[in-house]
Amino acid sequence: MNVKFLNLHAVRSQIQIGDNCIINPNVLLDGRKGRIIIGNNVDISRDTYIYTAQHDPHSDYHNIKFADVVIKDYVWIASRATILPGVILEKGCVVACGAIVTKSVDAMCIVGGVPASVIGKRRSQLKYKIDYHPPFYT
């Protein structure tokens, strides 16, 4: 579905995706340096970018720094969000449209903005199972 996987390593474990997840079109999963670990029942909306590497702005030589990204069960990442290296999205948290997540997010928190900060608390019991199979999704 037009998802881009960047992976320099031959091992499949560099990008791990759990059960009952939906990853919508135009999502970028950048597992070139760090790992991306996605739990179960995760919804990643269109045009989301998840990075495990970035340039160090404090480096005299424009060096790269990298870290894993962990997305735990029942996380919902809305459209056009960006997740930066080293972020852990705890169970049930929500990332609002257009947010840039630079730091880890606690369970059940709703974050938004640039940089993302807590804007609410999710009240769901998280009893759902994602079962979405669009016939012609582009």
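**Figure 1. The largest nonpolar core of this predicted model has 24 residues.** The residues with the most contacts inside this core are Ile44, Ile50, Ile71, Ile77, Ile83, Leu89 and Val95. Strands β5 (36-38), β10 (69-71) and β16 each supply at least two residues of the core. In soluble globular proteins, nonpolar side chains tend to be buried together.

**Figure 2. Ile50 is shown with its contacts and its bridge partner.** Leaving aside residues up to four places away in sequence, Ile50 touches Leu28, Leu29, Asp30, Ile36, Ile44, Val69, Ile71, Ile77 and Ile83. Ile83 is also the bridge partner of Ile50 in β12. Strand β7 (residues 49-51) and strand β12 (residues 82-83) run parallel and are joined by two bridges.

**Figure 3. Five strands form an open sheet with parallel pairing.** The order of the strands is β1-β4-β7-β12-β15. At the edges stand β1 (4-6) and β15 (100-101); each has a single partner strand, so one side of each is left without a neighbour in the sheet.

**Figure 4. Strand β16 pairs with β14 in the parallel sense and with β17 in the antiparallel sense.** Two bridges connect β14 (residues 94-95) with β16 (residues 109-112), and Val94 has Ile110 as its bridge partner in β16. Four bridges join β16 to β17 (residues 117-121), with Gly112 opposite Ser117 in β17. Strands β16 and β17 form a hairpin with four residues between them. In the turn, Gly113 has a positive phi of about 100°.

**Figure 5. Tyr49 and Tyr51 form one of two aromatic pairs.** Their ring centres are 6.1 Å apart and their planes stand at 70°; the angle is over 60 degrees, so the pair is edge-to-face. Tyr49 is partly exposed, with a relative accessible area of 38%, and Tyr51 is partly exposed at 23%.

**Figure 6. Tyr74 and Tyr128 form an edge-to-face aromatic pair.** The distance is 5.0 Å centre to centre, with 90° between the planes. Tyr74 lies in the loop between β10 and β11 (76-77), whereas Tyr128 lies in the segment after β17, so the pair ties together parts that are 54 residues apart in sequence. With a relative accessibility of 15%, Tyr74 counts as buried because the limit for that class is under 20%. Tyr128 is partly exposed, with a relative accessible area of 30%.

Conventions. Residues numbered from 1 in each chain as written. Predicted model: local features only at pLDDT ≥ 70, side-chain atom pairs only at ≥ 80, totals over all residues. Heavy atoms only, no water. Pairing = 2+ DSSP bridges. Core = buried A, V, L, I, M, F, W, Y, C linked by side-chain atoms within 4.5 Å. Buried < 20%, exposed > 50% of the residue type's maximum accessible area, 1.4 Å probe, protein only. Contact = heavy atoms within 4.5 Å. Phe/Tyr/Trp six-rings, centres within 6.5 Å; stacked < 30°, edge-to-face > 60°.
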